[in-house]
Amino acid sequence: MLLLIVSYNKIILPALALTVTGISIQSGLKITPTLTGFALSPASVAFGASGPVITPPSSASSGALTYTSSNTAVATVSGTAINLVGVGTTTMTATQAAAGNYTSATSTATLTVTSAINVAT
């Protein structure tokens, strides 16, 4: 939304001369960036293996990215490192902070942690 406030000081007739003073433009317009490319590799991993690698999303915003897990009994996040805690499924969320003319935005990816595979020897 763009709000234009104009204050008219005086109008002189009949010559139709117009003097305008006190023009103020206020813009509160913020754009929500589109986050694309957020991924986990692999998206399914056996418990006990290394956590997946985060492919960060890209967008037009320069806002900082943070990552969270919806189920901390399955996985936690420290910076960009995913730590596997247990078996199950969690939604990993990438959140980009508001910056400049951009609002914050999120993107999600699903992580599945399966039981460790036992190999008989």
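Ser61 lies in the loop between strand 5 (53-55) and strand 6 (65-69), strands being DSSP runs of E of at least two residues, numbered from the N terminus. The model is predicted, so local features were taken only at pLDDT of at least 70 and side-chain atom pairs only at pLDDT 80 or more, while totals for chains, interfaces and linings use all residues. Residues are numbered from 1 along each chain as its sequence is written, and side-chain values rest on heavy atoms, with hydrogens and water left out.

Ser61 counts as buried because its relative accessibility is 8%; buried denotes under 20% relative accessible area, exposed over 50%, and partly exposed in between, with a 1.4 Å probe and protein chains only. When neighbours within four places in sequence are set aside, Ser61 is in contact with Pro33, Gln96, Ala97, Ala99 and Tyr102, contact being defined as heavy atoms within 4.5 Å. The loop between strand 5 and strand 6 also holds Gly63, which counts as buried because its relative accessibility is 10%. With neighbours within four places in sequence again excluded, Gly63 is in contact with Gln96, Ala97 and Ala99. Between the C-alpha atoms of Gly63 and Ala105, which are 42 residues apart along the chain, the separation is 9.4 Å.

Strand 6 and strand 9 (residues 88-96) run antiparallel and are joined by five bridges. Within strand 9, Thr93 is the residue opposite Thr68.

A hairpin is formed by strand 7 and strand 8, with two residues between them. In its turn, Gly79 has a positive phi of about 65 degrees. Strand 7 (residues 75-78) and strand 8 run antiparallel, joined by four bridges, and Ser78 stands opposite Ala81 in strand 8. In a regular strand the side chains alternate between the two faces of the sheet. In strand 8 (residues 81-84), Ile82 and Leu84 make up the covered face, whereas Ala81 and Asn83 make up the uncovered one.

Key: Two strands pair if DSSP finds at least two bridges between them.
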